[in-house]
Amino acid sequence: ATVRLAGSSNLRTGLSYTVTSVIGSYSRRRLDAATAKRPPDKRYLQLPDTFPDDLRATAESIVEGRSGAYDRVLALQNWFRDNFEYSLDVSYSGGAKGMREFLAARRGFCEQFASTFAAFARVLGIPARIAVGFTPGVKENGEYVVRARNAHAWPEVWFDGMGWVAFEPTPGRGSPDGVGYLPGVAAQQDDTRPPTDTSETTTSTATPDP
């Protein structure tokens, strides 16, 4: 939700900009064969020394009998998707206390799903981080409109030789890019109608590639 300009330039009405990005293409076969032992920085494996033993035990129980990084993170993802509900009507607090409350309620919003997934992955010795951005939005008059309600957070897991790969533990959410390697996860996003007062909506548009 932030645009920063280099140098002394200022934002102005009618400003347009182009973003170029690379979208990775992953197969289940390649991911299943990949290791996850050499992240770009050891901090992606770190947890506080005080991270509770009961939360560590929960993470380990979810993947019991699973082998391989991809198989284990799929088990984590599906555990959240199959047993939790998406909801904004929940209390939120940080740290281990907030994580326990989220796990007990089995309902919450994307930041809670992403952060708990990433922490559990690290418990298992799998490098993980949290990404924050937007889902694709909706196509209107030949352009994609991305509104504030499309804001989203998701976890990413490091696979050696492949880089960061997105996973989706939040029920009712799913990236089109992940359909091929995340079985059972459809391309989904917030499909509620936009508010009638456009001042409540942040929009940006991008012309799709042919």
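Which residues touch the most other members of the largest nonpolar core? In this predicted model, they are Phe80, Leu103, Phe120, Phe159 and Phe167, out of 39 residues in that core. The elements giving two or more residues to the core are helices H2 (53-62), H3 (69-83), H4 (95-105) and H5, plus strand S6. H3 supplies the largest share, with eight residues.

Let's zoom in on Phe80. Setting aside neighbours within four places in sequence, Phe80 is in contact with Phe102, Leu103, Phe113, Thr116, Phe117, Phe120, Pro169 and Pro171. Two of the names there, Leu103 and Phe120, also turned up among the residues that touch the most other core members.

Now for the second largest pocket, with a volume of about 220 Å³. Its lining counts 14 residues, and Tyr86, Leu88, Cys110, Arg149 and Ala151 are the ones nearest the centre. Helix H5 (110-123) and strand S6 (151-159) are the elements that each give two or more residues to this lining, with S6 providing the largest share at three residues.

Last stop, Asp89. Look for this residue in the loop between strand S1 (85-86) and H4. Asp89 counts as exposed because its relative accessible area is 64%, and the cut-off for exposed is over 50%. In sequence, Asp89 and Phe109 are 20 residues apart, while in space their C-alpha atoms are 8.6 Å apart.

Note on methods: Residues are numbered from 1 along each chain as its sequence is written. This is a predicted model: local features need pLDDT of at least 70, side-chain atom pairs count only at pLDDT 80 or more; totals for chains, interfaces and linings use all residues. Side-chain values use heavy atoms; hydrogens and water are left out. On a 1 Å grid over the protein atoms alone, a cavity is a set of points where a 1.4 Å probe fits but cannot get out, and a pocket is an open set with protein on both sides within 12 Å along at least five of seven lines; lining residues have an atom within 4 Å of a point. Grid points are joined across faces, edges and corners, and a volume is the space filled by probe spheres set on the points. Helices (H or I, at least four residues) and strands (E, at least two) are DSSP runs, numbered from the N terminus. A nonpolar core is a set of buried Ala, Val, Leu, Ile, Met, Phe, Trp, Tyr and Cys residues joined through side-chain atoms within 4.5 Å. Buried means under 20% relative accessible area, exposed over 50%, partly exposed in between (1.4 Å probe, protein chains only). Contact means heavy atoms within 4.5 Å.
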